[in-house]
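Dear colleague,

I am handing over the structure below, and my notes on it follow. Please read them with the model open beside you.

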Amino acid sequence: NCQVDKLNTSFFNAALSSVCDSIIVQNCRFLEGNGTVFNLQEEIDNKGYYNVEKFSITNCTFNNRQGALVSLLRSGKDESTLGPRFLFANNQIKNCTSDNTPLLSLRGVQFTHIENNVFTNCNEANTLIEYVDWVRAWHSLKNNKLIQSGRIKSNEYVKMN
């Protein structure tokens, strides 16, 4: 239930070796500004580490932002870890762009639900959502509206309904 205006850096930046059980963002507005809003991509050692177990963004608005909204990484092929779990649902995303990166970058994330979102004029010439998996994963992508928005790079683990 907060509003963040003209933020020109990351709202949340996970440092190397930091671990969160849950990040829950609900009913928030992120208006204007630039930089990756949620940056969780520092675990690059290829050991299967990641910064958050459960990450959800629901009922939020992102307007007129430059830069990625979420960059979430779980690197490596260690199948003994089962996270992270990412939920992105019931959000309104309008006039958001990221020149060289997807708006939602989900690399190595084990479980995702992206549903009931509306993307309007977002990353039209680039990638909107990118899934990259090194091990078996489960992704649900359903009931999203893409209006003059970029493409989705998926793989065999993404179920689109």
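The largest pocket has a volume of about 170 Å³, a volume being the space filled by probe spheres set on grid points joined across faces, edges and corners. A pocket here is an open set of points on a 1 Å grid over the protein atoms alone, where a 1.4 Å probe fits, with protein on both sides within 12 Å along at least five of seven lines; lining residues have an atom within 4 Å of a point. Its lining comprises 12 residues, of which Gln110, Arg136, Ala137, Trp138 and Tyr157 lie nearest the centre.

This is a predicted model, in which local features need pLDDT of at least 70 and side-chain atom pairs count only at pLDDT 80 or more, while totals for chains, interfaces and linings use all residues. Residues are numbered from 1 along each chain as its sequence is written, and side-chain values use heavy atoms, leaving out hydrogens and water.

Turning to the rings, there are 9 aromatic pairs in the structure (rings of Phe, Tyr and Trp, the last by its six-membered ring, with centres within 6.5 Å; planes under 30 degrees apart are stacked, over 60 edge-to-face, the rest tilted). Phe86 and Phe88 count as stacked because their ring centres are 6.1 Å apart and their planes at 20°. Phe86 is buried, with a relative accessible area of 1%, and Phe88 is buried at 0% (buried means under 20%, exposed over 50%, partly exposed in between, with a 1.4 Å probe and protein chains only).

Best wishes
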